[in-house]
Amino acid sequence: MNVRQFTEQELAAVLAIQSACPEAAQWREEDYTHLARDPAGLLLIAESEAVVSATSAMGQEEQILGCNSASVLGFAAFCLIADEAELRNLAVAREHRQRGVGRALLDKAHGRLRRAGVKRVYLEVRASNNPAIGLYASMGYSILSTRNKYYPDPPEDAYVWSLDL
Ligand SMILES: CC(C)(COP(=O)(O)OP(=O)(O)OC[C@H]1O[C@@H](n2cnc3c(N)ncnc32)[C@H](O)[C@@H]1OP(=O)(O)O)[C@@H](O)C(=O)NCCC(=O)NCCS
């Protein structure tokens, strides 16, 4: 698996993963393209190694064609605010879950954020989202506070988690 910066070639794949994933924030196309262009944004994708090596053996044109939705396993989106960052969106395609993709996305992001001078990362998660909570806990995040009935449809508390980088 390879984790790298999002490019607009991956937009359709990212939207497809998001829309199959109700726990993810449901963003519009321009939310991704604006974040990717924003110096205060960090948008990473994980792609499968098999497709990376197949495309690197091809020419440039095939490489572009090779970046199809099958190669994108998941994505993570952050915003930087001074020396803090927020995880704004995260999803892994259902068929690729529990194989370390979420952890790889966060690991790579933490390294990049640290190098950009970020000291602390925050995120919000639904209280019932056990896979995400398991991921954050396993990566050293801890609960900072609870926001009562923060989420609508269905109404549910949000846990605010943070990690000192
Ligand atoms: C949360 C999510 C990103 C995790 O991605 P993933 O690639 O499956 O996670 P990983 O395989 O990297 O798992 C890393 C750790 O997370 C925890 N974890 C992952 N899936 C879990 C599950 N279903 N239940 C409990 N813990 C889980 C485990 O601690 C795991 O470590 P282990 O494999 O050593 O046990 C994925 O389930 C997902 O896309 N969910 C829907 C979208 C979402 O909830 N986004 C977050 C919104 S705040």
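Here is a short walk through this structure, from the overall layout down to one residue. What you see is a predicted model, where local features need pLDDT of at least 70, side-chain atom pairs count only at pLDDT 80 or more, and totals for chains, interfaces and linings use all residues. Residues are numbered from 1 along each chain as its sequence is written.

Let's start with the big picture. The protein has six helices and seven strands (DSSP runs, H or I of at least four residues for helices and E of at least two for strands, numbered from the N terminus). Along the sequence they line up as β-α-α-β-α-α-β-β-α-β-α-β-β.

Now look at the pair α1 (residues 11-19) and α2 (residues 29-37): their axes come within 10 Å and cross at roughly 125°. The axes are lines fitted to C-alpha atoms over the stretch in contact, with angles from 0 to 180 degrees between N-to-C directions. That makes α1 oblique to α2, a word for whatever is left once angles under 35 degrees (roughly parallel), over 145 (roughly antiparallel) and 65 to 115 (roughly perpendicular) are taken out. On the α1 side, Leu11, Val14 and Leu15 meet Glu29, Tyr32 and Thr33 of α2; contact asks for C-beta atoms, placed from the backbone, within 7 Å.

Threonine 146 counts as exposed because it has 11 C-beta neighbours inside 10 Å (exposed is 12 or fewer, buried is 20 or more, partly exposed is in between, with C-beta atoms placed from the backbone). Leaving aside residues up to four places away in sequence, threonine 146 touches Asp157 and Tyr159. The C-alpha atoms of threonine 146 and tyrosine 159 are separated by 4.6 Å, though the two residues are 13 apart along the chain.

Note on methods:
Two residues are in contact if their C-beta atoms, placed from the backbone, lie within 7 Å.
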